[in-house]
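Please give a short report on this structure for someone who has not seen it before.

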Amino acid sequence: MNLSDFEITTYSGLYLSRDAHPKFGKKYIARFQHDKKRYVKVLGYTSRDKLSDKSASDLMQKFKDSIIAKTENKIIIQEKKLPVKDNEDLIKLKEENDFFKSILGNYQKLKPEVLAEGIQKIHDLDALKKYQIELIKLQNFLEKENKRMIILFEGRDASGKGGAIRRITRYMNNKHYRIVALGKPDDTQRNQWFLQRYIEHFPTGGEIVLFDRSWYNRAMVEPIFGFCTPEEHEIFMEDVVNFEQDLVRQGMVLIKLYFSVSKEEQKRRFDRRIEDPLRQWKFSEVDMQAQDLWDEFSEKKYEMLRRTTSRSAPWHIVRSDDKHKARLEAMKIILNSVDYDGRNYSLDFEPNEEINISVQKELLQMRKSKDY
């Protein structure tokens with residue numbers, strides 16, 4: 001490399017080529033001396049790397065810092081007279097430490113538990129992405145075949161339904177799915193057939209509808225809070241299985257997910273909602289009574305699962321104390337419901353039997369304890 005081909009910039013040690021490459025533009029190099037040794041490095045090009053004197057100078061400084069750091073490491077090692085392997089380990093440890101510091105920034109200001117939670121979320125989100133790709137394939141298949149899908153998300157308050165829905169739909173084409181979360185029925189709806197207001201939101205061909213709570217409000221919430229009569233509750237329990245069987249017989253893909261959270265974990269999540277200003281909006285008057293009415297909800301849950309699961313529309317129980325594992329299992333259940341094109345068989349689609357629980361196992365557990 002002939003230095004006469006370069007001109008010095010306003011930054012000491014930074015040089016720019018006199019001639020420009022027809023495609024890459026002019027070339028920046030760093031040239032400096034440290035500890036009686038001379039270092040030269042090509043930093044990049046003006047066009048290809050979009051470098052300016054300032055950005056090239058920043059790169060040069062990083063290069064200088066790395067050289068100085070390595071020199072200092074060698075001095076420390078020589079002073080301590082460490083064995084060769086220990087020398088290599090120390091250098092590697094120093095490099096890793098510098099790397100993580102550059103990523104984490106001023107991490108000392110963060111609480112250790114907040115930092116740990118943030119890092120874990122990165123790992124969790126990365127683990128879900130392969131399955132989120134499969135969900136896009138599933139969505140494309142439903143559109144191509146003009147099939148309809150309904151996914152019901154049921155469970156106690158703070159069981160993780162909303163978070164699961166957000167992860168499932170994160171990368172989906174929003175033109176072909178809808179999230180439905182109905183509020184209290186108005187006067188007109190109260191005088192209609194109970195299922196009518198849900199049917200109005202059913203999918204058309206090629207569409208997925210995700211119900212954040214569904215017609216199963218009548219199986220648990222409504223009878224406990226007196227929003228329906230015992231007779232209305234019983235009529236629903238007798239009719240809903242036939243209603244769902246008709247849907248499936250007419251080509252609807254119906255998936256029923258029940259997120260099963262423990263009493264202890266629900267309380268922990270409620271306490272967090274109360275204490276965290278960013279989550280306080282999630283806490284409602286109904287939530288305040290959820291712990292006090294735990295046994296009543298358990299009784300209605302047991303009856304609902306026992307009477308409304310069927311071969312054509314079974315319940316899938318997802319233990320949701322671990323949110324990440326619950327979301328992953330929910331994705332697997334959805335993906336296993338349809339034999340879509342282009343499935344990546346290298347992925348693990350087998351259920352985690354500690355999280356994805358059969359109805360029979362859940363009912364057996366509930367006969368022993370009402371914790372779920």
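## Ground rules

Helices (H or I, at least four residues) and strands (E, at least two) are DSSP runs, numbered from the N terminus. Two strands pair if DSSP finds at least two bridges between them.

This is a predicted model, in which local features need pLDDT of at least 70, side-chain atom pairs count only at pLDDT 80 or more, and totals for chains, interfaces and linings use all residues. Residues are numbered from 1 along each chain as its sequence is written, and side-chain values use heavy atoms, with hydrogens and water left out.

## The sheet

Four strands make an open sheet in the order S1-S2-S3-S4, with antiparallel pairing. S1 (6–8) and S4 are the edge strands, and each pairs on one side only. Neighbouring strands of this sheet are turned by 30° against each other on average, direction ignored. For such angles, axes are lines fitted to C-alpha atoms, for helices over the stretch in contact, and angles run from 0 to 180 degrees between N-to-C directions.

S2 (residues 14–17) and S3 (residues 27–34) run antiparallel and are joined by 3 bridges. Here Leu14 stands opposite Ala30 in S3. S3 and S4 (residues 37–45) also run antiparallel, with 8 bridges between them. Tyr28 faces Gly44 in S4. Lys27 has Tyr45 in S4 as its bridge partner. The hairpin of S3 and S4 has 2 residues between the strands, and Asp35 takes a positive phi near 55° there.

## A residue in helix H12

Leu335 lies in helix H12. Is Leu335 buried or exposed? Leu335 is buried, with a relative accessible area of 0%. Buried means under 20% relative accessible area, exposed over 50%, and partly exposed in between (1.4 Å probe, protein chains only).

Which residues does Leu335 touch, leaving aside neighbours within four places in sequence? They are Tyr131, Glu134, Leu135, Leu138, Tyr340, Arg343 and Phe349. Contact means heavy atoms within 4.5 Å. Leu335 and Tyr131 are 204 residues apart in sequence, yet 8.4 Å apart in space, C-alpha to C-alpha.

## A pocket

Rolling a probe the size of a water molecule over the atoms shows where empty space is left. On a 1 Å grid over the protein atoms alone, a cavity is a set of points where a 1.4 Å probe fits but cannot get out; a pocket is an open set with protein on both sides within 12 Å along at least five of seven lines; lining residues have an atom within 4 Å of a point. Grid points are joined across faces, edges and corners, and a volume is the space filled by probe spheres set on the points.

The second largest pocket has a volume of about 220 Å³. Of its 14 lining residues, His316, Lys332, Ile333, Asn336 and Asn356 are the closest to its centre. Strand S8 (252–260) and helix H12 (323–335) each supply at least two lining residues. S8 gives the largest share, 3 residues. By class, this lining has 7 nonpolar, 5 polar and 2 charged residues. Ala, Val, Leu, Ile, Met, Phe, Trp, Tyr, Cys and Pro count as nonpolar, Asp, Glu, Lys and Arg as charged, and the others, Gly among them, as polar.

## Two cavities

The whole structure holds 2 cavities of 30 Å³ or more. The largest cavity has about 80 Å³ of space. Its lining includes Glu154, Arg156, Asp157 and Arg213. That lining divides into 4 nonpolar, 2 polar and 4 charged residues.

The second largest cavity has about 30 Å³ of space. H12 supplies the largest share of its lining, 3 residues.
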